[in-house]
Amino acid sequence: VAQAVAMAQAVDDAATEAEKVAYEQAKVAYEQAQQVVAETTAQAIKLSAEAWDARKLLSSALDALSGQVDSVWGDIKGGLTVEATGWARTIQAPTLRCPD
């Protein structure tokens, strides 16, 4: 009987030790997971901020380009109007003259 009690106590001690080891391993894994989540979240926030800055920069560049395109288009339209007016005068001038 004493031997059976000793064996039961040894099995219980081994099980208790295994539970302690499993708990410690789970605790370490949980802490590592928390660290990974924290680092990933920080990286995501940083990338989001960088993307926002890049978006603002791109938006500003597009606004400036749009302004330049509008300006050039205005110059082209103005030049075409002047050119068309000149052509109209050239075309109309001979028709306004009386034949000799």
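Glu 50 forms a salt bridge with Lys 46, and their closest N and O atoms are 3.9 Å apart. I start there, but please keep in mind that this is a predicted model.

Where do Glu 50 and Lys 46 sit relative to each other? Both lie in helix α1, 4 residues apart, which is about one turn of the helix.

How many salt bridges does the structure hold? It holds 2. Besides the Glu 50 and Lys 46 pair, the side chains of Lys 56 and Asp 53 meet in a salt bridge, with 3.9 Å from N to O. Lys 56 and Asp 53 are separated by about one helical turn, because they are 3 residues apart in helix α1. Their accessibility is quickly told. Lys 56 has a relative accessible area of 41% and is therefore partly exposed. Asp 53 has 45% relative accessibility, so Asp 53 also counts as partly exposed.

Now to the nonpolar side chains. Which residues form a nonpolar patch on the surface? They are Leu 58, Leu 62, Leu 65 and Val 69, and together they have about 370 Å² of accessible area. I will take one of them, Leu 58, in more detail. Leu 58 is found in helix α1, which covers residues 2-96. Is Leu 58 buried or exposed? Leu 58 counts as exposed because its relative accessibility is 52%, and the cut-off for exposed is over 50%.

That leaves the chain as a whole. What does it have in the way of helices and strands? The chain has 1 helix and 0 strands. That helix is α1, the element that holds Leu 58, the Glu 50 and Lys 46 pair, and the Lys 56 and Asp 53 pair.

How much of the chain is made up of buried residues? Of the 100 residues in the chain, buried residues make up 0%. A residue has to be under 20% relative accessible area to be called buried. The chain exposes about 8800 Å², and carbon and sulfur atoms supply 65% of that area.

To recap: the predicted model has 1 helix, 2 salt bridges, and a nonpolar surface patch formed by Leu 58, Leu 62, Leu 65 and Val 69.

Technical notes:
Residues are numbered from 1 along each chain as its sequence is written. This is a predicted model: local features need pLDDT of at least 70, side-chain atom pairs count only at pLDDT 80 or more; totals for chains, interfaces and linings use all residues. Side-chain values use heavy atoms; hydrogens and water are left out. Patches are made of residues with over 30% relative accessible area and no salt bridge: like charges are joined within 9 Å, nonpolar side chains (Val, Leu, Ile, Met, Phe, Trp, Tyr) within 5 Å. Accessible areas come from the Shrake-Rupley method with a 1.4 Å probe; for residues, only the protein chains shown count as cover. A salt bridge is a side-chain nitrogen of Lys or Arg within 4 Å of a carboxyl oxygen of Asp or Glu. Helices (H or I, at least four residues) and strands (E, at least two) are DSSP runs, numbered from the N terminus. Buried means under 20% relative accessible area, exposed over 50%, partly exposed in between (1.4 Å probe, protein chains only).
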